[in-house]
Number of protein chains: 2
Amino acid sequence: MAVKRLGAQTIKFLNPPAIISTGSIVGPKEGQGPLADYFDAIIQDDLYGQDSWEMAESKLIREAVTKAVDKAELKIADIEFMFGGDLLNQLMSSSFAARDLQVPFLGLYGACSTMTESLSMAAMMIDGGFADRVVAATSSHFSSAERQFRFPLELGNQRALTASWTVTGSGAAILSHSKGGPFVTHATIGKIIDYGIIDANNMGAAMAPAAADTICTHFDDTGLQPSDYDLIITGDLGVYGKEIAVDLLNKKGYDAAANFSDCGIEIFDQKKQDTHAGGSGCGCSAVVFCGYLYQEMQLKNIRRLLLVSTGALFSPTSSQQGESIPSIAHAVTIEI
Amino acid sequence: MAVKRLGAQTIKFLNPPAIISTGSIVGPKEGQGPLADYFDAIIQDDLYGQDSWEMAESKLIREAVTKAVDKAELKIADIEFMFGGDLLNQLMSSSFAARDLQVPFLGLYGACSTMTESLSMAAMMIDGGFADRVVAATSSHFSSAERQFRFPLELGNQRALTASWTVTGSGAAILSHSKGGPFVTHATIGKIIDYGIIDANNMGAAMAPAAADTICTHFDDTGLQPSDYDLIITGDLGVYGKEIAVDLLNKKGYDAAANFSDCGIEIFDQKKQDTHAGGSGCGCSAVVFCGYLYQEMQLKNIRRLLLVSTGALFSPTSSQQGESIPSIAHAVTIEI
């Protein structure tokens, strides 16, 4: 049998599934950022015609999936399975979106790592021969995340400089067998890494060791080097977390500084938009990949990409109980 | 290529993964119920030596996985991937357990349907050739669930007769290629079904239509009949939900009453233990399967089983916003 596993944590797809289409939709603030032109839609009101931010977020997923389906010239009924998740308790936005879409649904929770978790699972399902059209989608919403994880917006709390700004948006990718790429060729599934960081306003520092561990394992497992990639991009480490991750990789013998970025850094103009460390949330790497990076790959400006969504698996309960922040990162290789 | 898909929602495993070992551990109340003798361990104090119920629940998962690994005469390091989930916000108990176990982790959220979601994903990973030893584990804890979803226990609230009692416990199953069964032969992935029930104290009624939909789809997809199974067992519909599910199946032309049960009904003596509609929670179908049903299959008392874990995907936020309860059920066929 041909080799489908490399090393301890990496899956190699022998018939790499193609990402045949993506959809991306973002909120007003993301629509004023440097990547605005890459998104399929920018909403002007973060309630998006709904009664709550949570249901607005749910509508974002529905729309992202619908856009991806439309662009692939398919119907929703052509999608066999949906992998999805978000940051809300009990996956409120994904669950209600999957209810409305009526696609068989597999809910995932990996905090902000969920986009690469869902791409990995969708690719496995297709390469394994279990389905031929699967959608991977995630979302986040600034206001629903603030309400759930932090303070009422009305309180007008000051934000720490290491804090990130949850992206309002959703990205969806349809995976299928196709001769045209980009293709998902590898997935490296992360372990949970916890360096004892307890500051929920510094998630970049909590997640950086997990990102570095997964990226390092990916190189060890595959024999690839940082220079084999046009871009290695983490999910939402932000300005400070990115520095830590690059340092940790250096200490492990991998010099990735030259082609390393972070979706949270790319999506906002940190200085003009006052977003401090950068963007975060399940939607961050989802819209940056499904909008910006996917189009750059179609234009052949990026030929091989390592997308490493990063998740801080804390909850308000665990923080209140004084626990540290367990973090995780999953990496997928996407190639044209 | 051989057929790996049947109908719209069912996966057929061509090289069915075996469940080579299980572990189960329950709380004091479950240890006084009719299935007590089937569990590997019964804890006497629901704090289990920890500082919080949430961390106690996390320890339950760790112990269930450890027991399954020990019984298979393996080491934790032999387990390649872990699929896990629980009811807590941000999967607090699974995340901390996976941190301590240091197994590459894929977090799932399907509310109480998570056990069959994780069995389906683990089976897919093995049948697809991506791994050879994968653990599927879920947990729930009465006190952590009450705190999160309902009221402080100190309030001593009355419970509705349709309310269920969240099971304290965790079940873990190790899947691998092996000549000895039981084997996971099919997985039917559910759609989200919502009949508009808004009463979070009657989750059985909310979930019954989802259970019936998945079971009916399973029969339609596979051509199997209820009588082909020794037992069809739902996750946690409870007394009232089970009746509704059987009725709905009848209306769809499947008479399943003769061999239909529910894990939530089996785990407690409803009358003596004052558990009203029955047990519920991710841990309910997990411990009933990993304890009771797995042993009955090894004894050949059950030769073909349809395990249908059922999830109510509401959150306190969605309930407070007046939304109905979207529900889901995933079914797996397990055969010797």
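Colleague: What makes the set of 232 residues a nonpolar core, and which residues have the most contacts inside it?

Modeller: A nonpolar core is a set of buried Ala, Val, Leu, Ile, Met, Phe, Trp, Tyr and Cys residues joined through C-beta atoms within 7 Å. The largest such core has 232 residues, and Leu175(A), Val135(B) and Leu175(B) have the most contacts inside it. This is a predicted model, in which local features need pLDDT of at least 70 and side-chain atom pairs count only at pLDDT 80 or more, while totals for chains, interfaces and linings use all residues. Residues are numbered from 1 along each chain as its sequence is written, and chains are lettered from A and ligands numbered from 1 in the order in which they are written.

Colleague: Which residues does Val135(B) touch?

Modeller: Two residues are in contact if their C-beta atoms, placed from the backbone, lie within 7 Å. Leaving out residues up to four places away in sequence, Val135(B) touches Val65(B), Ala68(B), Ile79(B), Met82(B), Val103(B), Ala172(B) and Ile174(B).

Colleague: Why is Thr275(B) called buried?

Modeller: A residue is buried if 20 or more other C-beta atoms lie within 10 Å of its own, exposed if 12 or fewer, and partly exposed in between, with C-beta atoms placed from the backbone. Thr275(B) has 26 within 10 Å, so it is buried. It is found in the loop between helix H8 (270-273) and strand E13 (279-280) of chain B. Beyond its neighbours within four places in sequence, Thr275(B) is in contact with Trp165(B), Phe268(B) and Gln270(B).

Colleague: What makes E10(B) mostly covered, and which strands pair with E10(B)?

Modeller: Helices (H or I, at least four residues) and strands (E, at least two) are DSSP runs, numbered from the N terminus. In strand E10 (residues 183-188) of chain B, six of its six residues are buried. Two strands pair if DSSP finds at least two bridges between them. Strand E2 (residues 10-12) of chain B and E10(B) have three bridges, in the antiparallel sense, and E10(B) and strand E15 (residues 327-335) of chain B have five, also antiparallel. Thr188(B) is the bridge partner of Thr10(B) and stands opposite Ala331(B) in E15(B).

Colleague: How do you know how chain A and chain B are related?

Modeller: Copies are superposed by least squares on the C-alpha atoms of residues with pLDDT of at least 70 in both. A rotation of 180 degrees with 0.0 Å of shift along its axis puts chain A on chain B, with RMSD 0.0 Å. The two copies are therefore related as by a two-fold rotation axis. The same surface serves both: 100% of the contact residues of chain A recur in chain B.

Colleague: How many residues are in contact between the chains, and what classes are they on chain A?

Modeller: There are 49 residues of chain A in contact with 49 of chain B. The side of chain A that touches chain B has 25 nonpolar, 16 polar and eight charged residues. Ala, Val, Leu, Ile, Met, Phe, Trp, Tyr, Cys and Pro count as nonpolar, Asp, Glu, Lys and Arg as charged, and the others, Gly among them, as polar.

Colleague: What radius of gyration does chain A have, against that of a compact globule?

Modeller: The radius is taken over C-alpha atoms, and the globule rule is 2.2 Å times the number of residues to the power 0.38. For 336 residues a compact globule would have a radius near 20 Å; chain A has 18 Å, which agrees. Of those 336 residues, 64% count as buried.
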